[in-house]
Amino acid sequence: MLMTHNDRNIWVLEISAAPRERIGVPNVKLLGNIHGNEPLGKEMILLLAEYLLSHYTSNRRVQWLLNNTRIHLLPSANPDGFEKASVSCGELSGYRNNIRDVDLNSNFPDIFESNDIPRQEETKAIMKWLHDIPFVLSGSIHTSALVVTYPYDSKPYNITEGPSLTPDDDTFKYLASVYASTHPRMHKEAQCPTIKKKFANGTINGAEWLSKKGTMQDFNYVIHGCMELSLVISCCRYPHPADLSIYWKDNREPMLKFLSQVHMGVQGLILNGITNLTIAHAKLMIVGRNITFSSTKYGEYWRILLPGKYKIQASVKGYQTKIMDFEVKESLLDELHMTWLNITLTPCPSDEYYKLRKEICMPVTPSDKISDNKAKKEHYENENQTESFQIDHQITLPTLHGTKGDFLGQTNQRMQSLADNASPKSLNWRVVNLMTGIYLNHVTSHLWKISS
């Protein structure tokens, strides 16, 4: 079991009103405090959790979002660094890095060059989390400017200046603009005293602003097909607690609109044309965009796309590759609806080979209970171990941070309070400790613990 260097845990709160057995519900996440001296994201995420849980029955938009989405909230990805930080607008706010002086946001495998910095325990935990859950959209909250950045952060060797663009640059620019344009000041190109760069409409390509290798958002996109952006929401690295209400007012609406974008684009199932079973881990690509993504272990897939006409290609060993036309249509901003497109693949004409591939299929039966067993790991097998969930005994959550309190109290106590006061009680939530793999499930009042 993994712990941070100073034996602290990393907690995630998952919230959804969608039944666990329901196929096709997209996963979206917000992550904060990956830099120890930037804890504002942690506070925004905890306030968002409070808002979602307390407004489910009274706010139609919140109810729709939770009915159709699995939202994962990670308040603090760097609890050790946070312990060393203090209130200050500048670099004097203390530890940006973890306790071993490693920038966690530069600690992931890079897409253009090798990253020899040893993987930190926090990084390993996040990488395993990304492997276990098929995230579609993500936001990492930072401070020190007012801007939304999008991939790539890294540059290939033959690019020395300017942006480093992904095949989905149009989608990333749109997602960045959704957050920036909803923020009261970000889209007005508000400048921070210490930032000379001007951000047109409050957005910029990551490499064009500050090129760096091994970032979490590049890793999310290339390896796991998850579109992650960096939401930089304050000139002050570590603002004074008295200003939290102002930041919450500025960022509540942008966060909600950003989360809802996970429902724009195309989704569906990959099916076997003979058995009508789903096909796991098929490789998909939007034709004309030179990057692939995969179907889940249940044969589900999602891709965020702007309204328009597209072609999608699906392929998996043992099946004939197929290309299909589809259209993403305009829909309401707060209640987006993906185009549903099932892709049926024909097995190659080899009975013996087909028999060898049947184990990756499962029936499409919505009433079947979806288990939490992990799929086979495809990337970085030497860095993480594949594990399965088992019900463990009831347990009380340990203290998240040592003796230092958060802005508004201990994070784990607040998360426990959120869950205890959720309305209605049937709303699904669970807290996971990324460092130990322990889940606390409100519906069963049991912990779900990872065991090898």
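Analyst: Two strands count as a pair if DSSP finds at least two bridges between them. The model is predicted. Strand E13 (residues 308–315) and strand E14 are joined by seven bridges, in the antiparallel sense. Within E14, Ile323 is the residue that stands opposite Gln313.

This pair belongs to an open sheet of four strands, which run in the order E11-E10-E13-E14 with antiparallel pairing. The edges are held by E11 and strand E14 (322–328); each has a single partner strand, so one side of each has no neighbour in the sheet. In general, strands of a sheet pair through backbone hydrogen bonds, either parallel or antiparallel.

The charged side chains come next. Side chains of opposite charge can pair when their charged atoms come close. Arg289 and Asp168 form a salt bridge, with 2.9 Å from N to O. Arg289 lies in the loop between strand E10 (283–286) and strand E11 (293–294), while Asp168 lies in the loop between strand E5 (145–150) and helix H5 (169–182), so the pair links distant parts of the chain, 121 residues apart. Asp168 and Arg289 are both buried.

Another salt bridge joins Arg185 to Asp250, and their closest N and O atoms are 3.1 Å apart. Here the link runs from the loop between H5 and strand E6 (203–205), where Arg185 sits, to Asp250 in helix H8 (residues 244–260), 65 residues apart. Is each partner buried or exposed, given that buried means under 20% relative accessible area? Asp250 has a relative accessible area of 10%, so Asp250 is buried. Arg185, at 36%, is partly exposed.

A further salt bridge connects Asp103 and Lys212, at 3.4 Å from N to O. Asp103 is in the loop between helix H3 (79–83) and helix H4 (121–132), and Lys212 is in the loop between helix H6 (206–210) and helix H7 (216–224), so the bridge ties together parts that are 109 residues apart in sequence. Asp103 is buried, with a relative accessible area of 14%. Asp103 and Lys212 also belong to a network of salt bridges that includes Glu38, Arg96 and Arg237. The structure as a whole holds 19 salt bridges.

Helix H1 (residues 40–54) has 15 residues and spans 21 Å from its first C-alpha to its last, close to the 21 Å expected at 1.5 Å a residue. H1 is mostly covered, with 13 of its 15 residues buried.

Terms used:
Residues numbered from 1 in each chain as written. Predicted model: local features only at pLDDT ≥ 70, side-chain atom pairs only at ≥ 80, totals over all residues. Heavy atoms only, no water. Salt bridge = Lys/Arg side-chain N within 4 Å of Asp/Glu carboxyl O. Helix = DSSP H or I, 4+ residues; strand = E, 2+ residues; numbered from the N terminus. Buried < 20%, exposed > 50% of the residue type's maximum accessible area, 1.4 Å probe, protein only. Expected span 1.5 Å × (residues − 1).
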